[in-house]
Amino acid sequence: MAVNLVNVEAVDKTYGTRQLLENLSLGVSEGDRIGVVGRNGDGKTTLIRILSRLEEPDGGRVTHLSGLRLGVLTQHDALDPGATVRHEIVGDRPDHVWAGDARVRDVLTGLFGALDLPGFPQGLDTVIGPLSGGERRRIALAKLLIDEQDLIVLDEPTNHLDVEGIAWLAGHLRTRRSALVCVTHDRWFLDQVCTRMWDVQRANVYEYEGGYSDYVFARAERERIAATEEARRQNLVRKELAWLRRGAPARTSKPRFRIEAANALIADVPPPRDSAELMRFANSRLGKTVFDLEDVTVTAGPKELLRHLTWQLGPGDRIGLVGVNGAGKTSLLRAMAEAAYSEGDRQPAHGRVTVGRTVRLAYLSQEVAELDPEQRVLQAVESVRQRVDLGKGREMTAGQLCERFGFGKEKQWTPVGDLSGGERRRLQLLRLLMDEPNVLFLDEPTNDLDIETLTQLEDLLDGWPGSLVVISHDRYFLERTTDRVFALLGDATLRMLPRGVDEYLERRRKAVEAAAAASPQPQGAARERPAVDARAAKKELQRIERQLDKLADKESKLHTQIADNATDFEKVAALDAELRAIGEEREGLETRWLELAEDV
């Protein structure tokens with residue numbers, strides 16, 4: 001019989017006037033692998049903090065098994081900024097000791113690419129203080145995973161990991177003996193790792209057996225029988241279930257729910273997208289030409305990210321872009337966006353991007369656009385447009401679309417400055433869609449969005465007639481919203497992958513193995529450099545990176561201003577001149593960065 005590790009008994013928790021948990025009782029046993037889902041703000045993080053005894057409940061009690069070895073990854077790490085990566089991850093253990101530990105080798109290679117942490121300026125001896133939030137989070141995750149625990153509690157562990165990192169983490173957790181409680185919005189990850197689900201809703205937690213696929217079916221069945229949710233919500237769940245059941249087997253873990261019941265529940269649900277109808281409608285809105293790239297070379301300083309690329313984005317195409325970090329995914333979208341926003345005046349270093357005359361591009365970048373913090377949510381949306389045409393005779397008001405994206409009637413009058421990061425991301429998406437674009441570029445659109453909002457976005461995109469390019473580390477969202485996957489594998493080419501993300505991971509694994517076999521480690525003496533020169537170069541690298549981040553922010557704001565003032569040719573010319581000046585400054589800094597990086 002499995003031993004109970006944690007007991008939560010009659011727990012209450014209130015923040016201000018809002019009750020997040022009410023009379024809650026549940027437990028975690030040996031071997032449990034529990035995924036926690038729910039809307040942002042409904043209490044997922046509060047639940048696991050109380051479970052881990054990082055936060056006290058207002059009522060009830062939480063008991064742990066005596067001697068419980070507990071590992072917790074929170075959204076804010078407790079790393080010492082003055083310590084090195086080596087000290088935080090392996091402590092005082094000598095190199096020959098930790099390097100001989102198979103788990104340590106697996107964790108460092110899986111999360112950082114190699115034992116010497118090639119992405120960090122001084123490898124394991126890098127000081128933590130200047131590192132980015134994503135780098136610190138990977139360090140905190142590595143520190144947790146190299147130890148043995150009875151229970152691991154993870155809050156958004158896939159944040160800041162790429163597709164390869166997420167696949168590695170899923171495989172690693174499946175092989176561990178520890179029990180697991182995990183909050184994440186990554187549905188593919190939930191299906192790969194979890195065998196039970198907790199759904200946090202309205203101060204209660206509903207428990208389901210199985211992974212995410214099983215949870216979707218069970219929730220749809222429960223809501224159908226109880227008839228407690230509105231018809232729109234039921235239809236969305238049934239639609240997602242239909243996609244899960246009819247999709248490729250590789251998209252989900254082996255389903256454990258009753259196949260006959262699932263098929264009966266979705267018998268009258270049509271496929272998520274009518275591709276033929278959408279293609280016809282997209283052709284009528286866009287014509288034959290959307291984006292044509294001919295012999296295009298995309299560069300970052302002297303480095304060629306893409307070389308002699310000839311590629312076409314056609315009407316109604318739904319493309320997913322995957323690739324190693326730094327391969328040029330965002331740079332490719334930016335080059336196409338610059339050509340569109342400048343009406344063909346701004347072109348890549350070599351080659352030409354031809355943009356269709358009817359293209360109305362909306363580009364969701366990774367940065368959240370600045371909005372007036374005093375403006376209300378509904379006002380921020382209505383300032384773009386009062387109503388939006390969704391195609392096929394569907395029309396929605398700004399208020400209706402706000403509700404669709406989780407901004408209820410009361411929330412619509414919340415000042416933008418009071419919104420969370422995820423809510424601002426939702427508002428950014430809303431404003432883009434309200435402008436009735438016919439081409440969408442989405443760069444990491446799933447950041448900070450909860451599963452319910454992602455489902456709403458996917459449903460909206462199902463009937464959206466236009467061309468779509470998505471960069472995302474969220475496999476589920478990528479496969480759910482796109483029809484074809486292209487990859488940038490770091491060799492300056494763009495390849496279509498008929499088998500999607502699975503084929504990408506196979507290619508990457510073979511490439512890494514081939515590189516490791518062909519590149520023997522250099523001798524320590526050959527790698528020595530004068531310490532003073534190296535330190536100075538690394539400091540200058542960090543300074544340049546900060547400058548590049550600031551220039552990227554300026555460029556993003558200028559692109560927005562150009563789009564907002566498209567009919568004021570004099571202002572657009574002035575803004576374009578400023579953009580060119582920033583581009584020249586950026587190229588100079590990138591060139592210097594690459595020189596220093598090569599020296600270091």
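Visitor: In this predicted model, what is the handedness of the crossing in which α4 passes α5?

Guide: The crossing of α4 past α5 is right-handed. The two helices, α4 with residues 102-112 and α5 with residues 133-145, pack with their axes 10 Å apart and at an angle of about 160 degrees.

Visitor: What makes α4 roughly antiparallel to α5?

Guide: The angle between them is about 160 degrees, and angles over 145 degrees count as roughly antiparallel, so α4 is described as roughly antiparallel to α5.

Visitor: Which residues of α4 and α5 meet?

Guide: From α4 come Arg103, Val107, Leu111 and Phe112, and these meet Arg138, Ile139, Leu141, Ala142 and Leu145 of α5. Sorted by class, this contact has 7 nonpolar and 2 charged residues, and no polar ones.

Visitor: Why is the pair of Tyr208 and Tyr215 called edge-to-face?

Guide: Among the 7 aromatic pairs found in the whole structure, this one has ring centres 5.1 Å apart and planes at 75 degrees; since planes over 60 degrees apart count as edge-to-face, the pair of Tyr208 and Tyr215 is edge-to-face.

Visitor: How do you know that Tyr212 and Tyr476 tie together parts that are apart in sequence?

Guide: Tyr212 lies in helix α8 and Tyr476 in helix α17, so their pair ties together parts that are 264 residues apart in sequence. Their rings are edge-to-face, 5.7 Å centre to centre with 85 degrees between the planes.

Visitor: Why do Tyr212 and Tyr476 count as buried?

Guide: Buried means under 20% relative accessible area, and therefore Tyr212, at 0%, and Tyr476, at 1%, count as buried. Ring pairs link Tyr208, Tyr212, Tyr215 and Tyr476 into a cluster.

Definitions and conventions: Residues are numbered from 1 along each chain as its sequence is written. This is a predicted model: local features need pLDDT of at least 70, side-chain atom pairs count only at pLDDT 80 or more; totals for chains, interfaces and linings use all residues. Side-chain values use heavy atoms; hydrogens and water are left out. Axes are lines fitted to C-alpha atoms, for helices over the stretch in contact, and angles run from 0 to 180 degrees between N-to-C directions. Helices (H or I, at least four residues) and strands (E, at least two) are DSSP runs, numbered from the N terminus. Angles under 35 degrees count as roughly parallel, over 145 as roughly antiparallel, 65 to 115 as roughly perpendicular and the rest as oblique. A crossing is left-handed if the near helix is turned anticlockwise from the far one by less than a right angle, and right-handed if clockwise. Contact means heavy atoms within 4.5 Å. Ala, Val, Leu, Ile, Met, Phe, Trp, Tyr, Cys and Pro count as nonpolar, Asp, Glu, Lys and Arg as charged, and the others, Gly among them, as polar. Rings of Phe, Tyr and Trp (its six-membered ring) pair if their centres lie within 6.5 Å; planes under 30 degrees apart count as stacked, over 60 as edge-to-face and the rest as tilted. Buried means under 20% relative accessible area, exposed over 50%, partly exposed in between (1.4 Å probe, protein chains only).
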